[in-house]
Amino acid sequence: MTRATPVGVAVVGGGRWGPNLMRNIAQIPQARLLMIAEPDPRAADACARRFPHARVVPSLADVLSNDAIEAVVLATPTITHAPLLRECLIANRHVLVEKPLADSLPAAREVAALAAERRLVAMVGHTFLYNASIRFVAEYLTAGGVGDIQYLTLTRTNLGPIRVDVNAAWDLCSHDIAIASFLLGARAHAVSAIGASWLNPSVEDVCFASLQFPDGILAHVHGSWLSPKKVRETVVVGSKGMVIVDDLDPVQPVSIFDSTVADREASPAWLASQGQVRIRVNPGSALSPVLDLVEPLAVQCQHFIDAIVKGTPVATDFSFGLSVVAALDGIDRSMRAGGATMTVDSEAH
Ligand SMILES: NC(=O)c1ccc[n+]([C@@H]2O[C@H](COP(=O)([O-])OP(=O)(O)OC[C@H]3O[C@@H](n4cnc5c(N)ncnc54)[C@H](O)[C@@H]3O)[C@@H](O)[C@H]2O)c1
(Lines give C-alpha, C1' and ligand atoms only; values in the text may rest on other atoms or scores of the structure.)
Protein backbone atom coordinates (compact mmCIF):
# COMPACT_ATOMS: atom_id res chain seq x y z
CA MET A 1 0.00 0.00 0.00
CA THR A 2 1.82 3.13 -1.18
CA ARG A 3 0.46 6.54 -2.10
CA ALA A 4 1.63 9.58 -4.00
CA THR A 5 0.10 12.39 -1.92
CA PRO A 6 1.54 13.42 1.45
CA VAL A 7 -0.50 12.82 4.62
CA GLY A 8 -2.29 15.96 5.88
CA VAL A 9 -1.45 16.31 9.57
CA ALA A 10 -2.66 18.57 12.39
CA VAL A 11 -0.88 18.91 15.72
CA VAL A 12 -3.14 19.76 18.67
CA GLY A 13 -1.46 21.49 21.64
CA GLY A 14 1.25 24.10 21.15
CA GLY A 15 2.66 24.19 24.69
CA ARG A 16 6.12 23.00 25.73
CA TRP A 17 6.19 19.70 23.82
CA GLY A 18 3.87 20.23 20.83
CA PRO A 19 6.31 22.41 18.78
CA ASN A 20 8.85 19.52 18.83
CA LEU A 21 6.25 17.31 17.17
CA MET A 22 5.35 20.08 14.69
CA ARG A 23 9.02 20.53 13.74
CA ASN A 24 9.51 16.80 13.17
CA ILE A 25 6.26 16.29 11.22
CA ALA A 26 7.17 19.30 9.05
CA GLN A 27 10.46 17.60 8.11
CA ILE A 28 8.88 14.38 6.83
CA PRO A 29 8.56 14.36 3.02
CA GLN A 30 5.46 12.08 3.08
CA ALA A 31 3.60 14.44 5.45
CA ARG A 32 2.33 18.03 5.44
CA LEU A 33 1.81 19.95 8.66
CA LEU A 34 -1.42 21.69 7.56
CA MET A 35 -2.96 22.77 10.86
CA ILE A 36 -2.16 23.52 14.49
CA ALA A 37 -4.85 23.73 17.18
CA GLU A 38 -4.02 25.75 20.28
CA PRO A 39 -6.57 27.68 22.40
CA ASP A 40 -4.08 29.86 24.29
CA PRO A 41 -3.51 33.03 22.18
CA ARG A 42 0.15 33.49 23.19
CA ALA A 43 1.08 29.89 22.47
CA ALA A 44 -0.95 30.03 19.23
CA ASP A 45 0.94 33.17 18.11
CA ALA A 46 4.29 31.53 18.84
CA CYS A 47 3.28 28.51 16.74
CA ALA A 48 2.05 30.71 13.90
CA ARG A 49 5.39 32.55 13.80
CA ARG A 50 7.41 29.35 13.90
CA PHE A 51 5.30 27.36 11.42
CA PRO A 52 3.97 29.98 8.96
CA HIS A 53 2.75 27.36 6.45
CA ALA A 54 0.32 25.80 8.93
CA ARG A 55 -3.13 27.26 9.71
CA VAL A 56 -3.46 27.90 13.44
CA VAL A 57 -6.95 27.38 14.90
CA PRO A 58 -8.26 27.37 18.47
CA SER A 59 -9.79 23.88 18.74
CA LEU A 60 -9.80 20.27 17.59
CA ALA A 61 -13.31 20.82 16.19
CA ASP A 62 -11.80 23.25 13.62
CA VAL A 63 -9.28 20.58 12.66
CA LEU A 64 -11.83 17.81 12.27
CA SER A 65 -14.03 19.96 10.02
CA ASN A 66 -11.19 20.06 7.48
CA ASP A 67 -11.26 17.02 5.13
CA ALA A 68 -7.59 17.53 4.21
CA ILE A 69 -6.58 16.41 7.71
CA GLU A 70 -6.09 12.64 7.78
CA ALA A 71 -3.98 12.38 10.92
CA VAL A 72 -4.02 14.18 14.26
CA VAL A 73 -1.13 14.39 16.72
CA LEU A 74 -2.19 15.21 20.29
CA ALA A 75 0.27 17.07 22.53
CA THR A 76 -2.24 18.32 25.08
CA PRO A 77 -2.40 17.73 28.86
CA THR A 78 -2.96 14.07 29.78
CA ILE A 79 -6.47 14.69 31.20
CA THR A 80 -7.58 15.78 27.72
CA HIS A 81 -6.20 12.72 25.86
CA ALA A 82 -9.21 10.39 26.10
CA PRO A 83 -11.93 12.94 25.19
CA LEU A 84 -9.87 14.33 22.27
CA LEU A 85 -8.96 10.81 21.06
CA ARG A 86 -12.63 9.82 21.12
CA GLU A 87 -13.45 12.80 18.86
CA CYS A 88 -10.61 11.98 16.44
CA LEU A 89 -11.40 8.27 16.18
CA ILE A 90 -15.14 8.88 15.71
CA ALA A 91 -14.20 11.34 12.94
CA ASN A 92 -12.01 8.59 11.34
CA ARG A 93 -8.63 10.24 11.79
CA HIS A 94 -5.36 8.42 12.41
CA VAL A 95 -3.97 9.43 15.80
CA LEU A 96 -0.63 9.79 17.54
CA VAL A 97 -1.18 10.74 21.17
CA GLU A 98 1.55 11.75 23.57
CA LYS A 99 2.19 9.46 26.51
CA PRO A 100 0.42 8.33 28.62
CA LEU A 101 -2.55 7.10 26.56
CA ALA A 102 -5.09 8.44 29.09
CA ASP A 103 -5.38 9.61 32.69
CA SER A 104 -7.20 6.53 34.01
CA LEU A 105 -7.47 2.82 33.26
CA PRO A 106 -11.20 2.91 32.33
CA ALA A 107 -10.60 5.82 29.92
CA ALA A 108 -7.58 4.07 28.36
CA ARG A 109 -9.57 0.86 27.98
CA GLU A 110 -12.39 2.71 26.27
CA VAL A 111 -10.22 4.51 23.70
CA ALA A 112 -8.19 1.34 23.05
CA ALA A 113 -11.43 -0.54 22.32
CA LEU A 114 -12.62 2.26 20.04
CA ALA A 115 -9.29 2.28 18.17
CA ALA A 116 -9.43 -1.52 17.76
CA GLU A 117 -12.88 -1.21 16.15
CA ARG A 118 -11.64 1.26 13.52
CA ARG A 119 -9.18 0.56 10.71
CA LEU A 120 -7.03 3.49 11.75
CA VAL A 121 -3.44 3.94 12.86
CA ALA A 122 -3.52 4.59 16.63
CA MET A 123 -0.16 5.16 18.29
CA VAL A 124 1.09 6.38 21.68
CA GLY A 125 4.21 8.56 21.74
CA HIS A 126 6.34 6.43 24.04
CA THR A 127 9.40 8.26 22.70
CA PHE A 128 12.06 6.18 24.41
CA LEU A 129 11.12 3.12 22.38
CA TYR A 130 12.33 5.10 19.34
CA ASN A 131 15.61 5.97 21.08
CA ALA A 132 18.71 4.39 19.46
CA SER A 133 20.28 3.52 22.85
CA ILE A 134 17.19 1.74 24.17
CA ARG A 135 16.74 -0.08 20.85
CA PHE A 136 20.37 -1.19 20.88
CA VAL A 137 20.07 -2.48 24.45
CA ALA A 138 16.82 -4.34 23.62
CA GLU A 139 18.62 -6.21 20.81
CA TYR A 140 21.65 -6.83 23.04
CA LEU A 141 19.47 -8.32 25.78
CA THR A 142 17.52 -10.46 23.30
CA ALA A 143 20.83 -11.82 21.98
CA GLY A 144 21.66 -12.90 25.56
CA GLY A 145 24.29 -10.18 26.06
CA VAL A 146 23.88 -10.04 29.85
CA GLY A 147 22.79 -13.66 30.31
CA ASP A 148 19.65 -14.05 32.43
CA ILE A 149 18.24 -10.63 33.27
CA GLN A 150 17.87 -10.27 37.03
CA TYR A 151 16.68 -6.71 37.64
CA LEU A 152 16.48 -3.17 36.28
CA THR A 153 16.62 0.23 37.95
CA LEU A 154 15.24 3.23 36.10
CA THR A 155 15.64 6.81 37.35
CA ARG A 156 14.08 9.97 35.92
CA THR A 157 14.46 13.06 38.10
CA ASN A 158 14.75 16.80 37.60
CA LEU A 159 13.56 20.08 39.09
CA GLY A 160 10.32 20.47 37.08
CA PRO A 161 8.41 20.63 34.89
CA ILE A 162 5.73 20.34 37.58
CA ARG A 163 2.36 19.12 36.36
CA VAL A 164 -1.02 19.48 38.01
CA ASP A 165 -3.20 17.17 35.91
CA VAL A 166 -1.23 13.96 36.61
CA ASN A 167 1.33 12.93 39.22
CA ALA A 168 5.04 12.23 38.74
CA ALA A 169 4.32 8.53 38.15
CA TRP A 170 1.98 9.16 35.19
CA ASP A 171 4.22 11.91 33.84
CA LEU A 172 7.72 10.45 34.39
CA CYS A 173 7.48 6.77 35.36
CA SER A 174 5.27 6.18 32.29
CA HIS A 175 8.50 6.46 30.24
CA ASP A 176 10.34 3.96 32.43
CA ILE A 177 7.51 1.43 32.60
CA ALA A 178 7.45 1.53 28.78
CA ILE A 179 11.26 1.10 28.62
CA ALA A 180 11.26 -1.82 31.10
CA SER A 181 8.38 -3.58 29.27
CA PHE A 182 10.12 -3.10 25.93
CA LEU A 183 13.53 -4.31 27.16
CA LEU A 184 12.01 -7.36 28.82
CA GLY A 185 9.42 -8.03 26.10
CA ALA A 186 6.94 -8.52 28.96
CA ARG A 187 4.39 -6.71 31.09
CA ALA A 188 4.56 -6.17 34.86
CA HIS A 189 2.04 -8.33 36.75
CA ALA A 190 2.39 -6.76 40.23
CA VAL A 191 3.57 -3.47 41.69
CA SER A 192 4.16 -1.78 45.00
CA ALA A 193 4.85 1.94 45.30
CA ILE A 194 5.16 4.82 47.69
CA GLY A 195 5.00 8.51 46.85
CA ALA A 196 4.25 11.87 48.40
CA SER A 197 2.83 15.26 47.41
CA TRP A 198 4.17 18.51 48.82
CA LEU A 199 3.35 21.02 46.08
CA ASN A 200 -0.26 20.19 45.17
CA PRO A 201 -2.72 18.10 47.18
CA SER A 202 -3.07 14.51 45.88
CA VAL A 203 -0.54 15.03 43.05
CA GLU A 204 2.54 13.01 43.98
CA ASP A 205 5.80 14.86 43.26
CA VAL A 206 7.88 11.73 43.74
CA CYS A 207 7.21 8.05 43.17
CA PHE A 208 9.30 5.01 44.10
CA ALA A 209 7.77 1.95 42.44
CA SER A 210 8.86 -1.69 42.39
CA LEU A 211 7.48 -3.81 39.57
CA GLN A 212 7.44 -7.59 39.24
CA PHE A 213 7.85 -9.11 35.79
CA PRO A 214 7.65 -12.77 34.70
CA ASP A 215 10.55 -15.12 35.57
CA GLY A 216 11.18 -13.28 38.84
CA ILE A 217 12.64 -10.20 37.11
CA LEU A 218 12.32 -7.01 39.18
CA ALA A 219 12.33 -3.36 38.15
CA HIS A 220 12.61 -0.33 40.37
CA VAL A 221 11.41 2.98 38.96
CA HIS A 222 12.07 6.36 40.57
CA GLY A 223 10.38 9.44 39.11
CA SER A 224 10.49 12.95 40.57
CA TRP A 225 10.08 16.54 39.42
CA LEU A 226 11.33 17.73 42.80
CA SER A 227 15.02 16.89 42.66
CA PRO A 228 18.13 19.06 42.30
CA LYS A 229 19.63 16.64 39.77
CA LYS A 230 18.54 15.76 36.26
CA VAL A 231 18.95 12.00 35.80
CA ARG A 232 17.69 9.77 33.00
CA GLU A 233 19.26 6.43 33.61
CA THR A 234 18.42 2.78 32.97
CA VAL A 235 20.51 0.01 34.55
CA VAL A 236 20.13 -3.66 33.61
CA VAL A 237 21.76 -6.35 35.72
CA GLY A 238 22.15 -9.89 34.39
CA SER A 239 23.96 -13.11 35.25
CA LYS A 240 26.76 -12.46 32.73
CA GLY A 241 26.93 -8.70 32.46
CA MET A 242 25.39 -5.32 33.13
CA VAL A 243 24.32 -2.33 31.03
CA ILE A 244 23.82 1.34 31.83
CA VAL A 245 22.00 3.77 29.55
CA ASP A 246 22.64 7.39 30.47
CA ASP A 247 20.31 9.33 28.21
CA LEU A 248 21.98 12.62 29.17
CA ASP A 249 25.33 11.51 27.74
CA PRO A 250 25.24 12.88 24.17
CA VAL A 251 28.30 10.92 22.99
CA GLN A 252 28.40 7.52 24.71
CA PRO A 253 24.99 6.90 26.27
CA VAL A 254 25.36 3.09 26.49
CA SER A 255 27.98 1.33 28.65
CA ILE A 256 28.23 -2.45 28.67
CA PHE A 257 30.08 -4.13 31.53
CA ASP A 258 31.17 -7.77 31.47
CA SER A 259 31.15 -7.67 35.26
CA THR A 260 30.13 -10.89 36.95
CA VAL A 261 29.89 -12.26 40.45
CA ALA A 262 30.12 -15.90 39.46
CA ASP A 263 33.59 -16.83 40.79
CA ARG A 264 32.90 -19.00 43.79
CA GLU A 265 35.72 -19.39 46.28
CA ALA A 266 36.33 -22.31 48.61
CA SER A 267 34.30 -21.38 51.66
CA PRO A 268 35.43 -21.67 55.26
CA ALA A 269 33.77 -24.47 57.19
CA TRP A 270 31.61 -22.14 59.30
CA LEU A 271 30.04 -20.68 56.14
CA ALA A 272 29.65 -24.02 54.38
CA SER A 273 27.85 -25.34 57.46
CA GLN A 274 25.15 -22.71 56.83
CA GLY A 275 24.91 -23.65 53.15
CA GLN A 276 26.54 -20.33 52.13
CA VAL A 277 29.41 -19.68 49.71
CA ARG A 278 31.77 -16.74 49.38
CA ILE A 279 31.52 -15.09 45.98
CA ARG A 280 34.26 -13.02 44.41
CA VAL A 281 33.32 -9.96 42.40
CA ASN A 282 34.82 -9.55 38.94
CA PRO A 283 34.41 -5.87 37.99
CA GLY A 284 35.18 -6.66 34.32
CA SER A 285 35.67 -4.07 31.61
CA ALA A 286 33.33 -1.53 30.02
CA LEU A 287 32.52 -0.97 26.36
CA SER A 288 30.57 1.87 24.75
CA PRO A 289 29.11 0.96 21.36
CA VAL A 290 29.05 3.62 18.64
CA LEU A 291 25.42 4.44 17.88
CA ASP A 292 23.70 6.46 15.19
CA LEU A 293 21.99 8.92 17.55
CA VAL A 294 19.04 10.22 15.50
CA GLU A 295 16.49 12.37 17.38
CA PRO A 296 14.03 9.82 18.86
CA LEU A 297 11.05 12.08 18.15
CA ALA A 298 12.00 12.15 14.44
CA VAL A 299 12.00 8.33 14.40
CA GLN A 300 8.69 8.26 16.29
CA CYS A 301 6.99 10.68 13.86
CA GLN A 302 8.37 8.84 10.80
CA HIS A 303 7.09 5.55 12.30
CA PHE A 304 3.60 7.10 12.55
CA ILE A 305 3.60 8.39 8.97
CA ASP A 306 5.03 5.06 7.66
CA ALA A 307 2.19 3.20 9.39
CA ILE A 308 -0.32 5.41 7.53
CA VAL A 309 1.47 5.39 4.16
CA LYS A 310 2.87 1.86 4.03
CA GLY A 311 0.70 0.03 6.56
CA THR A 312 3.70 -0.94 8.72
CA PRO A 313 2.84 -2.16 12.25
CA VAL A 314 2.97 0.33 15.10
CA ALA A 315 5.43 -0.59 17.88
CA THR A 316 3.69 1.51 20.53
CA ASP A 317 0.05 0.89 19.64
CA PHE A 318 -2.89 1.48 22.00
CA SER A 319 -2.60 -2.03 23.37
CA PHE A 320 0.97 -1.26 24.50
CA GLY A 321 -0.16 2.17 25.80
CA LEU A 322 -2.98 0.46 27.72
CA SER A 323 -0.52 -1.90 29.41
CA VAL A 324 1.54 1.09 30.62
CA VAL A 325 -1.62 2.74 31.98
CA ALA A 326 -2.54 -0.53 33.75
CA ALA A 327 0.83 -0.49 35.56
CA LEU A 328 0.33 3.21 36.45
CA ASP A 329 -3.11 2.38 37.80
CA GLY A 330 -1.49 -0.29 40.01
CA ILE A 331 1.09 2.27 41.19
CA ASP A 332 -1.64 4.77 42.13
CA ARG A 333 -3.62 2.10 44.03
CA SER A 334 -0.48 0.99 45.85
CA MET A 335 0.60 4.55 46.76
CA ARG A 336 -2.85 5.17 48.23
CA ALA A 337 -2.66 1.91 50.18
CA GLY A 338 0.68 2.80 51.77
CA GLY A 339 2.80 0.66 49.43
CA ALA A 340 0.77 -2.58 49.47
CA THR A 341 1.45 -4.93 46.55
CA MET A 342 -1.19 -4.61 43.83
CA THR A 343 -1.92 -6.89 40.91
CA VAL A 344 -1.70 -5.12 37.56
CA ASP A 345 -4.94 -5.46 35.60
CA SER A 346 -4.33 -8.47 33.36
CA GLU A 347 -7.01 -7.66 30.76
CA ALA A 348 -4.64 -4.90 29.70
CA HIS A 349 -1.81 -7.39 28.99
N1 LIG B 1 7.36 12.08 25.00
C2 LIG B 1 7.95 12.96 25.78
O3 LIG B 1 9.16 12.88 26.05
C4 LIG B 1 7.14 14.10 26.34
C5 LIG B 1 7.78 15.22 26.88
C6 LIG B 1 7.00 16.25 27.37
C7 LIG B 1 5.61 16.14 27.34
N8 LIG B 1 5.04 15.03 26.82
C9 LIG B 1 3.55 14.90 26.78
O10 LIG B 1 3.03 15.91 25.93
C11 LIG B 1 1.77 16.35 26.40
C12 LIG B 1 1.80 17.88 26.54
O13 LIG B 1 2.81 18.24 27.46
P14 LIG B 1 3.36 19.75 27.53
O15 LIG B 1 4.52 19.76 28.43
O16 LIG B 1 3.53 20.31 26.16
O17 LIG B 1 2.12 20.48 28.23
P18 LIG B 1 1.80 22.03 28.21
O19 LIG B 1 0.81 22.24 29.31
O20 LIG B 1 3.05 22.84 28.14
O21 LIG B 1 1.06 22.25 26.80
C22 LIG B 1 -0.20 21.73 26.50
C23 LIG B 1 -0.88 22.67 25.50
O24 LIG B 1 -2.12 22.07 25.14
C25 LIG B 1 -3.08 23.14 25.03
N26 LIG B 1 -4.42 22.56 25.20
C27 LIG B 1 -5.05 22.23 26.35
N28 LIG B 1 -6.26 21.72 26.07
C29 LIG B 1 -6.40 21.74 24.74
C30 LIG B 1 -7.43 21.35 23.87
N31 LIG B 1 -8.58 20.82 24.33
N32 LIG B 1 -7.25 21.51 22.54
C33 LIG B 1 -6.11 22.02 22.06
N34 LIG B 1 -5.06 22.41 22.85
C35 LIG B 1 -5.22 22.27 24.17
C36 LIG B 1 -2.70 24.12 26.11
O37 LIG B 1 -3.20 25.41 25.84
C38 LIG B 1 -1.19 24.04 26.09
O39 LIG B 1 -0.62 25.03 25.24
C40 LIG B 1 1.52 15.61 27.72
O41 LIG B 1 0.70 14.50 27.45
C42 LIG B 1 2.90 15.12 28.14
O43 LIG B 1 2.83 13.92 28.87
C44 LIG B 1 5.76 14.03 26.31
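Select helix H1 (residues 18-26) and helix H9 (residues 296-310) in this predicted model: the crossing of H1 and H9 is right-handed. The two helices pack with their axes 9 Å apart, at an angle of about 60°. Angles from 65 to 115 degrees count as roughly perpendicular and those under 35 as roughly parallel; H1 and H9 are therefore oblique to each other.

Next, display the side chains at this contact. H1 contributes Asn20, Leu21, Asn24 and Ile25, while H9 contributes Leu297, Ala298 and Cys301. By class, the contact of H1 with H9 comprises five nonpolar, two polar and no charged residues.

Now turn to the sheet. Its six strands form an open sheet in the order S3-S2-S1-S4-S5-S6, with parallel pairing. Strand S3 (55-57) and strand S6 (122-125) are the edge strands, each pairing on one side only. Neighbouring strands of this sheet are turned by 20° against each other on average, direction ignored. Helix H4 packs on the sheet and touches S1, strand S4 (71-74) and strand S5 (94-98). The direction of H4 makes about 170° with that of S5.

Within the sheet, select strand S1 (residues 7-12) and strand S2 (residues 31-37), which run parallel and are joined by six bridges. Val12 has Ala37 in S2 as its bridge partner.

Finally, select the ligand and the 25 residues around it, of which Gly13, Gly15, Arg16, Trp17 and Glu98 come nearest. Helix H4 (residues 78-90) supplies the largest share of this shell, three residues. By class, the shell around the ligand holds nine nonpolar, 10 polar and six charged residues.

Definitions and conventions: Residues numbered from 1 in each chain as written. Predicted model: local features only at pLDDT ≥ 70, side-chain atom pairs only at ≥ 80, totals over all residues. Near = placed C-beta within 6 Å. Helix = DSSP H or I, 4+ residues; strand = E, 2+ residues; numbered from the N terminus. Nonpolar A, V, L, I, M, F, W, Y, C, P; charged D, E, K, R; others polar. Pairing = 2+ DSSP bridges. Axes fitted to C-alpha atoms, helices over the stretch in contact; angles between N-to-C directions. Contact = placed C-beta atoms within 7 Å. Parallel < 35°, antiparallel > 145°, perpendicular 65-115°, else oblique. Left-handed = near helix turned anticlockwise from the far one by under 90°.
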